[in-house]
Every structure is written in C-alpha cells, then in structure tokens.
Amino acid sequence: MSLQQIPQRVLDDLIARTDIVELIDQRLPLRSAGNNFKALCPFHQEKSPSFTVSQTKQFYYCFGCQASGNAIGFLMAYDRLSFIEAVEYLARQQGVTLPKEYIGESVHNKASPDYYELLKQVMRFYSATLKANDRAIQYLKNRGLTGEVCKRFGIGYAKAEWDALIKHFGATSVPTLLETGMLIEKNNSRYDRFRDRIMFPVRDKSGRILGFGGRIIDNGEPKYLNSPETLLFHKGSELYGLYEAMQAQRHFDYILVVEGYMDVIALAQYGISAVVATMGTALTQKQMNRLFRTSQEVILCFDGDTAGRQAAWRALEVSLPLLGDERSLKFIFLPEDEDPDTCVRKMGAEAMLKRIKEASPFSEVFIKHLLAQVDTSHVSGQARLMSLAAPLLAQLPQGVLCEMLIEQLGAYTRLDKKRLLQMVFPDQKSTPQKVVAKSGMMGLSAVDKALCLLLQHTKLADLLERVDDLATLPQPQIHLLIELVQLLQLQPGLSTGAILAHWTDPKIQSELAALAARPLLLAEEAAVTHEFVDIIEKLRKEVTSVQLGDLLVRIRQNDLSTLSPTDQARVHELLRKDEE
Ligand code: UTP
Ligand code: MN
C-alpha cells in the first residue's frame with residue numbers, strides 16, 4: 001500500500017481515535033502544564049522542557065527546535081517508522097482494518113457533479129408534472145402567481161404517488177436519489193419524500209439545485225416539507241432566492257430577508273427582486289456574512305408577534321461581529337396576520353417599497369429591546385441596562401456605530417461616557433481589536449494570518465462560501481489557505497493533528513504546525529471572527545484588482561472593442577467592485 005492509496009477518511013479516522021498524549025506518554029513521560037503537556041524535547045538537546053503536546057489540538061510542537069507533527073509524524077520521527085508503518089501501527093492499536101484496495105477518492109470531490117445533474121432532472125420532471133396537473137396549476141393561480149414567475153423560480157409539482165421518481169428515473173438512480181434526500185428509506189422500502197406538493201427548488205449561487213421545499217396543496221401537516229440535510233443541502237448556509245435575485249439585478253442597494261418561499265416569489269412578481277428567505281431555520285452567522293457580502297444593507301423582515309421579535313433579536317445577536325460602519329442592518333416588523341406575500345398583494349409594490357425604505361435601524365431595535373427589560377427610572381435599572389448592553393457592545397467592531405450606541409444608551413443613565421466605555425471594554429488595553437493586533441500574529445502576511453486563525457479556530461471556515469476565487473492571487477500560500485478552508489468545510493471540528501495529516505509534504509506540515517502553535521491571545525470570539533472576515537474580504541478585493549489589472553493591460557494593448565462581450569462586461573463589473 002502506498003501513501004496515496006490510503007483513503008484520507010481512514011487517516012482522519014485513525015487520528016481521531018488516537019490520543020497523541022497517551023501515545024507520546026508511553027515513550028516519553030509527559031508532565032501536565034496548563035492546557036498542554038510538556039517534556040524535554042527528544043529531538044534536540046535542552047535543559048528546560050520546550051516540547052509541548054496539545055490534547056485538544058492533537059499535535060506536538062517544540063518551541064526550541066520547531067519539530068512538530070501529529071501522531072503519525074511522531075511515530076515516524078521517534079520510532080523511525082515509515083509513513084505506512086506508522087499508519088499500520090496506529091491501525092493495529094485501534095483495532096482498525098485498513099482497506100486492502102483503494103479506488104481513488106478525495107475529500108475535495110466528495111460531492112460529485114452527478115448529484116447536481118440528477119436534481120436538475122428532478123426539477124424538470126416536477127415542472128413537467130405541474131403542466132399536466134390542473135389542480136396544482138389552479139392552486140398557484142389562486143395564490144396570484146403568474147406563469148412567468150413560476151418559471152423563473154422553477155416551480156413544479158410532485159404527484160400524489162409513492163414511486164413517481166423511481167418509476168421515472170429507474171432503479172439505477174436509487175442510490176443518488178436517496179443521498180440527495182429525494183427518497184425516504186424505511187423498513188427496506190423506498191418511497192418519494194415529496195408527494196402531492198408544490199415544489200420549490202433551492203439553488204446555490206451558481207444556479208445548481210441543492211434541494212427542494214414542498215408545500216402542501218390546501219390544508220394539511222406539515223405545511224412545508226424541506227429536503228433533509230444532505231451532502232449538498234445545508235439549510236444554515238443557503239439562502240432561498242439568492243440565485244434568482246442575482247439573475248435579476250447586478251447591484252444591490254439593500255437585500256431583504258423574509259421568512260417564506262411564497263414571500264420571495266410574490267415580491268419578485270411585483271418587481272422587488274432583492275429578496276431571499278431562510279428555509280424555516282434561524283438565520284446563521286454564515287448566512288448573515290453572505291448577505292453582507294452581497295449588499296451593504298441587509299433588511300430583516302419578521303412578523304410583529306413575539307416569535308418574530310425573538311427571531312429578530314437572535315439574528316441581531318449573530319450579526320454583531322459582522323457589523324461595521326459601512327454595513328447597516330435594518331428591521332421590518334409586519335402587522336400580525338400579514339406576511340410580505342399578503343402585504344404586497346394587498347397594498348401593491350409602492351407601499352411595500354415605502355416600508356422597506358422606512359425600516360427600523362439596528363440601533364433603534366437594539367435599544368428598544370434592552371429598554372423593555374429594565375426600568376431606567378431607578379439607578380439600579382440604569383446599571384442593569386448597561387450590564388445587559390456591555391457584552392453585546394463588546395462584540396461590535398470598534399467604530400462609529402459602537403460609540404453612537406454607547407452615546408444613545410448613555411442618555412438613559414446618569415453614568416458618564418467614560419464610565420460606560422469602561423463597562424463595555426473593562427480592560428481598555430485589551431479591547432478586541434487591540435488584542436488581535438498585539439497577538440502572536442505580528443509580522444505575518446495576510447494569508448498566514450488567515451491560516452493561523454483558521455487552524456486555531458476551525459469553526460471560522462464555516463463562515464465562508466467557496467474560496468476558489470482566491471486562487472488567482474500571487475501569494476504562495478494561497479492554495480494552502482483554499483485547501484484548508486475546503487477541508488474544514490467538509491470536515492468541521494478536525495483537530496490540528498488531523499488537519500496536518502492532510503498534507504504529506506513535511507515542509508508544509510511544519511509551516512502549518514508553526515502557525516497552529518502561535519500563541520493567540522484572542523479571548524474574544526467576536527474579535528476573531530471580525531479579524532478573519534476582514535482578512536478574507538481584503539484578499540477578495542485584491543482578486544478584483546489583480547483581474548482588473550490583467551484586463552486593463554489587454555485593453556491598452558488592443559482596444560476595448562477587441563475584448564469579447566463577456567470580457568467587456570467583466571471590466572465594467574470589476575470597475576464597479578473596485579470602487580466599492
Ligand atoms: P409560513 O408558514 O410563514 O409560510 O412559513 P408562508 O411562506 O407564509 O406560506 P404560505 O403563504 O402559507 O404558503 C415560513 C417558512 O417556514 C418554513 C418554510 O420555509 C416556509 O416558507 N416552514 C413553514 C417549514 O419549513 N415547515 C412548515 O411546516 C412551515
Ligand atoms: Mn404566506
């Protein structure tokens with residue numbers, strides 16, 4: 001068996017089962033030191049122990065000689081085993097049988113394109129079925145939908161049959177239909193998940209179908225059924241309607257987030273196309289980040305009832321670290337028993353646009369919510385107001401927004417501004433931004449900083465969408481960053497040791513290990529998030545200017561008319577982005 005022949009998932013599994021502390025301790029007695037374990041380094045001569053083993057990160061690092069690695073690396077260096085021998089040793093220890101034969105598999109193509117193709121065919125099948133079903137057509141007509149908007153959103157209909165998909169696609173498609181969540185498997189039988197429902201395809205940014213939502217016709221439970229979480233479909237990442245919105249307009253002054261599929265479609269029909277919806281789940285930080293990348297202003301539209309206000313507050317909380325002076329978050333609360341669909345049909349587009357224009361700013365909602373919980377006519381209530389606000393304000397990036405809120409809250413209390421600032425940032429020297437600046441990342445390039453943050457806070461990868469667009473950057477480490485993000489998106493929660501196992505080049509391994517070992521004093525999660533998002537944003541801006549530079553050189557050499565229409569459009573698009 002050669003190196004390439006061991007499937008990555010087997011290596012991941014082995015690393016995950018092994019405890020590096022135990023493994024090393026059997027050979028080299030370790031002493032506990034804070035969160036880590038220490039010993040005299042076996043790889044160089046030293047008098048005080050700088051060889052460190054981290055249990056949580058599952059890797060070792062020597063601050064003296066920079067030796068580093070995961071469990072496999074340690075066995076190779078200490079027991080002088082080959083890579084294969086080390087893997088076999090761990091497999092024996094853990095009682096894992098290594099596969100004899102291995103047919104090429106890589107984490108990076110876990111989601112093979114077949115799934116997308118199949119789902120596209122499923123959508124076509126549902127559209128065709130809709131055309132032949134009067135009851136479904138009548139339902140959509142009764143709800144006021146035009147044929148044109150149904151087509152734009154790829155709306156279809158799933159028949160009231162248990163085996164429509166299997167009959168249409170054949171037995172060979174069963175595994176793919178199961179994996180994409182289109183079929184349900186129970187007691188050895190398989191049947192269609194969606195039956196007698198209006199079908200709404202959920203697409204990703206490039207228009208590929210990831211899953212479906214299905215509405216019951218008339219009444220019944222559940223009203224909406226969604227595809228389950230699959231290889232392709234992650235409700236916490238996707239936004240329904242984003243693709244269709246981006247098809248309809250290039251530039252977004254604002255983007256409106258509503259609760260339902262039908263709301264997105266109704267607004268689009270009335271010409272309000274910058275609208276997306278979640279799929280019945282609370283807005284995540286990842287979705288908020290994606291929204292802010294699309295538009296500087298994000299407007300969240302909720303029901304005015306208690307549940308709607310709670311959802312709004314939750315969304316506000318996850319957005320705090322993402323806000324900044326150039327980004328604005330607003331809210332619309334609708335009267336009870338109304339949703340954007342009914343509103344726009346009753347009042348028309350103009351009135352709806354007016355509501356959008358008059359949306360409540362973040363600061364208003366923020367302060368109102370806090371004031372509702374305290375009585376500021378007493379000093380104790382005023383103190384409570386500030387202690388509720390302080391941890392939230394501390395999550396905001398420092399800047400005008402944060403100062404303005406402190407100012408506004410100050411109006412309700414008799415505390416002076418300096419005292420308020422102190423409550424928000426108890427240790428003036430360690431405000432979030434400053435902690436980052438002072439941390440162990442000093443002197444690193446932007447890409448290395450991103451790597452360093454990712455290695456130590458692997459959850460950050462989940463904030464990003466695809467990052468392959470960064471590949472055009474000239475920085476040498478950029479591919480490493482892209483691969484690391486992709487790896488962590490597919491396998492969240494890998495330990496550092498397990499991450500290292502994905503690179504076989506010892507040079508890269510030790511670079512990554514060195515970054516993973518840098519002492520970051522980033523206590524504040526919000527500061528970490530903010531710093532990371534900022535770095536990626538800067539890299540993306542660089543991509544734009546690199547591409548623009550290339551095209552401009554070509555324009556100078558030839559002239560604009562010799563560029564293909566696509567390239568001409570690209571120049572305009574890049575110039576616009578570059579201005580932002
Ligand atoms: P609503 O019940 O507000 O739906 O749920 P709606 O869009 O107004 O539906 P219509 O107008 O009656 O057709 C909002 C969203 O919550 C999710 C769906 O994503 C829906 O669009 N939901 C709702 C479910 O996932 N399951 C349900 O049973 C209900
Ligand atoms: Mn509705």
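A residue counts as partly exposed when its relative accessible area falls between the buried range, under 20%, and the exposed range, over 50%. Because Lys205 has a relative accessible area of 39%, it is partly exposed by that rule. The structure described here is a predicted model, and a search through the whole of it finds 25 salt bridges.

**Salt bridges**

- Side chains of opposite charge can pair when their charged atoms come close.
- Lys205 and Glu465 meet through their side chains in a salt bridge with an N to O distance of 3.4 Å, and this pair links distant parts of the chain, since Lys205 sits in the loop between S9 and strand S10 (209-216) while Glu465 sits in the loop between helix H20 (446-456) and helix H21 (478-490), 260 residues apart.
- Whereas Lys205 is partly exposed, Glu465 counts as buried, with a relative accessibility of 11%.
- Both residues also belong to a network of salt bridges, in which Lys205, Glu238, Arg290, Arg293 and Glu465 are linked.
- Asp196 and Arg135 form another salt bridge between their side chains, at 3.2 Å from N to O; because Asp196 lies in the loop between strand S8 (189-192) and strand S9 (197-203) and Arg135 lies in helix H6 (residues 134-142), the pair ties together parts that are 61 residues apart in sequence.
- Arg135 has a relative accessible area of 41% and is therefore partly exposed.
- A salt bridge also joins the side chains of Arg466 and Asp468, with 2.8 Å from N to O, and Asp468 counts as partly exposed at 33% relative accessibility.

**Helix packing**

- Helix H16 (residues 379-393) packs against helix H18 (residues 417-424) at an angle of about 55 degrees, and their axes are 8 Å apart, which makes H16 oblique to H18.
- The crossing of H16 and H18 is right-handed; in their contact, Ala383, Met386, Ser387, Ala390 and Leu393 of H16 meet Leu420, Met423 and Val424 of H18, a set that divides into seven nonpolar residues, one polar and no charged.
- Helix H15 (residues 362-371) and helix H17 (residues 400-410) cross at roughly 40 degrees, with axes that come within 11 Å, and these two helices are therefore oblique to each other.
- H15 likewise passes H17 in a right-handed crossing; here Phe362, Ser363, Phe366, Ile367 and Leu370 of H15 meet Leu401, Met404, Leu405, Gln408 and Leu409 of H17, and by class this contact has eight nonpolar, two polar and no charged residues.

**Backbone features**

- Most residues other than glycine have a negative phi, and most peptide bonds are trans.
- The peptide bond from Glu221 to Pro222 is cis, with omega near -15 degrees, and Pro222 is placed in the loop between S10 and strand S11 (224-226).
- Asp218, which lies in the loop between S10 and S11, is not a glycine and yet has a positive phi of about 65 degrees; at 47% relative accessibility, Asp218 counts as partly exposed.
- Asp337, found in the loop between strand S15 (328-334) and helix H14 (340-357), has a phi near 65 degrees, a positive value in a residue other than glycine, and at 81% relative accessibility Asp337 counts as exposed.

Key: Residues numbered from 1 in each chain as written. Chains lettered and ligands numbered in written order. Predicted model: local features only at pLDDT ≥ 70, side-chain atom pairs only at ≥ 80, totals over all residues. Heavy atoms only, no water. Salt bridge = Lys/Arg side-chain N within 4 Å of Asp/Glu carboxyl O. Helix = DSSP H or I, 4+ residues; strand = E, 2+ residues; numbered from the N terminus. Buried < 20%, exposed > 50% of the residue type's maximum accessible area, 1.4 Å probe, protein only. Axes fitted to C-alpha atoms, helices over the stretch in contact; angles between N-to-C directions. Parallel < 35°, antiparallel > 145°, perpendicular 65-115°, else oblique. Left-handed = near helix turned anticlockwise from the far one by under 90°. Contact = heavy atoms within 4.5 Å. Nonpolar A, V, L, I, M, F, W, Y, C, P; charged D, E, K, R; others polar.
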